[in-house]
Amino acid sequence: MATVSNDVSVGRQTVRRQVNTRARSTNGASDEPASIEILCECGRRLCDDHLQIEIELYQDVLGSPGHYVVTTHHDDDPRHRLVSRHSGFLVLERAAD
Ligand SMILES: [Zn+2]
């Protein structure tokens with residue numbers, strides 16, 4: 001089996017998702033922006049990329065089991081399926097093991 005050099009971790013993706021969800025909830029209030037900046041959810045240990053995503057789209061991702069968001073240059077996780085391609089980021093679906 002080919003080893004992924006970048007040490008992708010589902011556990012780390014979960015932590016990242018928690019951070020992103022918190023960013024979403026604190027961004028609400030009065031002048032809610034049409035998009036928010038979130039962390040890339042690729043799960044790489046050294047990745048601290050940010051991306052800009054529309055709130056509605058990110059809520060769709062959050063509501064879709066297995067879906068996550070990565071920057072366009074972090075789409076090489078072999079276990080994913082491409083859901084949709086956007087400017088600066090991709091929505092992926094984690095494939096079943
Ligand atoms: Zn990344």
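This is a predicted model: local features need pLDDT of at least 70, side-chain atom pairs count only at pLDDT 80 or more; totals for chains, interfaces and linings use all residues.
**View 1. The whole chain, from its first element to its last.** Let's start with the overall layout: two helices and five strands make up the secondary structure. Followed along the sequence, these elements run in the order α-β-β-α-β-β-β. The chain has 97 residues, and 22% of them count as buried. Of the contacts between residues at least 6 apart in sequence, 39% link residues at least 24 apart.

**View 2. The largest nonpolar core.** Here we move to a set of 14 residues that forms the largest nonpolar core, where Leu51, Ile53, Val69, Val70 and Phe89 have the most contacts inside it. At least two core residues come from each of β2 (50-54), α2 (55-62), β3 (67-71) and β5 (89-94). The largest share belongs to β5, with four residues.

**View 3. The surroundings of Leu51.** Now take a look at Leu51, one of the core residues with the most contacts inside the core. Leaving aside residues up to four places away in sequence, Leu51 touches Ile38, Cys40, Val69, Thr71, Gly88 and Phe89. Two of these partners, Val69 and Phe89, are also named among the core residues with the most contacts.

**View 4. Arg44 in its loop.** Our last stop is Arg44, which sits in the loop between β1 (35-39) and β2. Arg44 counts as buried because it has 21 C-beta neighbours inside 10 Å, and the cut-off for a buried residue is 20 or more.

Technical notes:
Residues are numbered from 1 along each chain as its sequence is written. A residue is buried if 20 or more other C-beta atoms lie within 10 Å of its own, exposed if 12 or fewer, and partly exposed in between; C-beta atoms are placed from the backbone. Two residues are in contact if their C-beta atoms, placed from the backbone, lie within 7 Å. A nonpolar core is a set of buried Ala, Val, Leu, Ile, Met, Phe, Trp, Tyr and Cys residues joined through C-beta atoms within 7 Å.
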